[in-house]
Amino acid sequence: MVIGLVLTVTLVAVEALAIGTVMPIVAEELRGLELYGWVFSAFFLGNLIGIVLAGGALDRMPLVRPFAAGMGLFALGLAIGGLAPTMPVLVLGRFIQGLGAGAVSPTAYVAIGRTLPEPLRPRMFAILSTAWVVPGVIGPSIAAVVGEVLGWRWVFLGLLPLLVVAIALALYALRTVPDAEPASSEHQAAANAVRRLPNALLVAIGAGILVAALTAPEPLLLVGGSAVGLALLLPAFRRLTPRGTLMLAAGLPAAVLLRGLLTFAFFGPDAYLPLLLQDWRDTSAALTGLAYTAATLSWTAGSWLQARRIERVGPTAFVAVGFATVTIGTLATMAVLLRAVPPELSIATWAVTGLGMGFAYSAFTVIVLRDAAPAEQGQVTSALQLSETLGTALGIGLAGAFVAAAARAGAGEALGVALAAVFGLGVVAALAGVLGARRLGTRGSGRQDELARARDGVVEAPAEGHVAAEPGG
């Protein structure tokens, strides 16, 4: 089971991280630059739906069924992407991939919880995290070589034989994983996931309509579609997150919203870094691979440094420093747009951005687990993941609107202006995160606060704006 799950997670990670390296080659061959952002946004929107579907199914049937369905969809998406004759077909394939990939992590976590003894679980979670780190280091470079030597289609098709082996191992082992007890808290969590499904679908549909409207050339479609998308997206998002999230209320709501802002600020420019280097600066895909690898290594280093110092410094400080570092790295990477600046500088500047992500990303989870009551941790961590995925999809989608406008303009300098807008948007979002970090509070761990209040005989009211998630949300 361990080998099968780790191989599956590794292959999903390789594909997710490698596609960005070859996307400029894909866009040129399929003549679909205006849909560049949709290739990424479609994956994350499908992933959002897949996670909720899998979460609701894992406790109502044997694990092998939702996992097999998810991996079947992921393999189908790989085949569609590798054989895609046009960019819209590739976008469809990526959506199906995301839908299937959404079953991987929930299945792995549930299988670990049901089969491994508690002392071994942290080690297994660390192994699964490493399964993402290693592809982040070598995946982009391998994709660059494959894309330039064999062709970009093999970045998709080449994974299919390996995926079959990984799926076979995992399915064989998952057959023996026991089912959950109907009265267990896990069963209740699955029931909650089923109730959240309609709102999750509304979030995904609303975000999809919004992204489509932003890339539309007609003003009527842009305005009307944006209004419809927001009308579907915002109420559903509000119902799935702690009360006050959209207003950046202090405490948990601010943590949920700022996590989405962080992924918005990073992954929007990150998706278009290959376009900057390969199309605008006319470099090889290998340089893009090196920049992505550097960012992965620095992200990992930042995460380790944060983990070692967070008890002393506090998570709020790391979030603020992380947003500031992302701002500096993104702004420095914008300099590569200038012809006088060596494009190789992007390796160092994007590594700075990755370092900022390492500082801030995990700190949000610490804040949520610190401030949420034990009975609310599942709901709030689910909201955190929703905000993260939505922030990624919207960041890439909004950046795609700039690139689509440049593709319609057709002028040589239009792409440079669009890329400046993409990275500028990331800088603005990161700066907003620096300011918003003040709303996170500076409390110690929830357990330490509880002990201190018990010792002093003090009963405190919740901090202003610090409220629990809505029931069922």
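Is Ala-383 buried or exposed, and what is its relative accessible area? Ala-383 is buried, with a relative accessible area of 1%; buried means under 20%, exposed over 50% and partly exposed in between, using a 1.4 Å probe and protein chains only.

A quick word on the ground rules. This is a predicted model, where local features need pLDDT of at least 70 and side-chain atom pairs count only at pLDDT 80 or more, while totals for chains, interfaces and linings use all residues. Residues are numbered from 1 along each chain as its sequence is written, and side-chain values use heavy atoms, with hydrogens and water left out.

**The whole chain**

The chain has 17 helices and zero strands. Helices here are DSSP runs of H or I with at least four residues, strands are E runs of at least two, and both are numbered from the N terminus. Of the 473 residues, 52% are buried. Take the contacts (heavy atoms within 4.5 Å) between residues at least 6 apart in sequence: 82% of them join residues at least 24 apart.

**Around Ala-383**

Back to the opening residue. Ala-383 is found in helix 15 (residues 377-409). Leaving aside neighbours within four places in sequence, Ala-383 is in contact with Leu-240, Thr-241, Pro-242 and Val-256. Pro-242 sits 141 residues away from Ala-383 in sequence, yet the two C-alpha atoms are 7.6 Å apart.

Leu-240 also belongs to the buried set of helix 10, along with Gly-225, Ser-226, Gly-229, Leu-233, Ala-236 and Phe-237. Arg-239, also found in helix 10, counts as partly exposed at 33% relative accessibility.

**Two helices, end to end**

The expected span is 1.5 Å times one less than the number of residues.

| Helix | Residues | Span | Expected span |
|---|---|---|---|
| Helix 10 | 219-240 (22 residues) | 31 Å | 32 Å |
| Helix 5 | 104-115 (twelve residues) | 16 Å | 16 Å |

Helix 5 buries Val-104, Pro-106, Thr-107, Ala-108, Val-110, Ala-111, Ile-112 and Arg-114.

**The core**

The largest nonpolar core has 118 residues, and Val-203, Tyr-272, Phe-364 and Leu-440 touch the most other members. Helix 11 gives the largest share of this core, 16 residues. Such a core is a set of buried Ala, Val, Leu, Ile, Met, Phe, Trp, Tyr and Cys residues joined through side-chain atoms within 4.5 Å. Beyond neighbours within four places in sequence, Tyr-272 has contacts that include Tyr-36, Gly-37, Ile-396, Ala-399 and Phe-423.

**Helix 1 against helix 8**

Helix 1 and helix 8 (residues 160-174) pack at about 145 degrees, with axes 7 Å apart. Those axes are lines fitted to C-alpha atoms over the stretch in contact, and angles run from 0 to 180 degrees between N-to-C directions. Ile-3, Gly-4, Leu-5, Leu-7, Thr-8 and Leu-11 of helix 1 meet a helix 8 set that includes Leu-162, Ala-166 and Ala-170.

Most residues other than glycine have a negative phi. Arg-31 has a positive phi of about 55 degrees although it is not a glycine. Arg-31 lies in the loop between helix 1 (2-30) and helix 2 (36-57), and is exposed at 76% relative accessible area. Leu-248 has a positive phi as well, near 55 degrees. This leucine, Leu-248, lies in the loop between helix 10 and helix 11 (252-280) and is partly exposed, with a relative accessible area of 22%.
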